[in-house]
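Welcome! Let us take a friendly walk through the inside of a protein chain, looking at what packs against what.

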Amino acid sequence: RSRSQDNACPQQARLVDLFVNMRFSCSVALAILALVQLAVTTSAGEVPVVTIHGRSYTADDIESGKVKIAKGSFIVGVEDGGKSKLLAAMKQDLSWSPKFRYSESLPMFAGILDQSQILWLLKRSDVKYVEADSEVHALEEPMPHTVVFP
């Protein structure tokens, strides 16, 4: 029985088999799997969210003080064909550049973001999602993306 038979989503199953066979780097594999998962579950017109350890937060959650997000590594998903324009705006408005731009065919990039930068992203119509880019651990340990509830 292959790993792909254990997955409900055929796109994810094919990617899992591809990663196992081609031994992609963990960071690239996680980024691509996150893109596929969000493409399957996100419909047009939804409000973008930041997802940290499986919990999603909106710009309103941040602005209201419901949540505070520590600086850390995040993956940002954008509309197809919109990555270059968004990165140019981030460079101009925030003096920020990604740590990983990925290829032009992948509508995502990754880098270190703080709460104000995440909020800026969540207010843009060309951003699909922001997701914490962290390793999966079997034991719960403090992660770099601390979410603090007042």
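Two residues are in contact when heavy atoms of theirs lie within 4.5 Å. Keep that in mind as you explore this structure, which is a predicted model.

Two packed helices are described by the angle between their axes and the distance between the axes. For helix 4 and helix 5, the angle is about 135° and the axes are 12 Å apart. That makes helix 4 oblique to helix 5, because an angle has to be over 145 degrees to count as roughly antiparallel. The crossing of these two helices is right-handed.

**The nonpolar cores**

Now look for the largest nonpolar core, which has 25 residues. Several elements each supply at least two residues: strand 1 (50–52), helix 3 (59–63), strand 4 (72–78), helix 4 (83–94), strand 5 (108–113), helix 5 (115–122) and strand 6 (127–132). Which helix gives the most to this core? Helix 5 does, with 5 residues.

Leaving aside residues up to four places away in sequence, Val50 touches Arg55, Ser56, Tyr57, Ile62, Ile69, Phe74, Ile118, Leu122 and Val130. There is also a second, separate core of 6 residues, including Ile75, Leu106, Met108 and Tyr129.

**Aromatic pairs**

A pair of aromatic rings is described by the distance of the centres and the angle of the planes. The count here comes to 2 aromatic pairs, shown in this table.

| Pair | Centre to centre | Angle between planes | Kind |
|---|---|---|---|
| Trp96 and Phe109 | 5.8 Å | 50° | tilted |
| Phe100 and Tyr102 | 6.1 Å | 20° | stacked |

Trp96 sits in the loop between helix 4 and strand 5, while Phe109 belongs to strand 5, so this pair ties together parts that are 13 residues apart in sequence. Both Trp96 and Phe109 are buried.

Tyr102, with a relative accessible area of 17%, is buried, because buried means under 20%.

Methods. Residues numbered from 1 in each chain as written. Predicted model: local features only at pLDDT ≥ 70, side-chain atom pairs only at ≥ 80, totals over all residues. Heavy atoms only, no water. Core = buried A, V, L, I, M, F, W, Y, C linked by side-chain atoms within 4.5 Å. Buried < 20%, exposed > 50% of the residue type's maximum accessible area, 1.4 Å probe, protein only. Helix = DSSP H or I, 4+ residues; strand = E, 2+ residues; numbered from the N terminus. Phe/Tyr/Trp six-rings, centres within 6.5 Å; stacked < 30°, edge-to-face > 60°. Axes fitted to C-alpha atoms, helices over the stretch in contact; angles between N-to-C directions. Parallel < 35°, antiparallel > 145°, perpendicular 65-115°, else oblique. Left-handed = near helix turned anticlockwise from the far one by under 90°.
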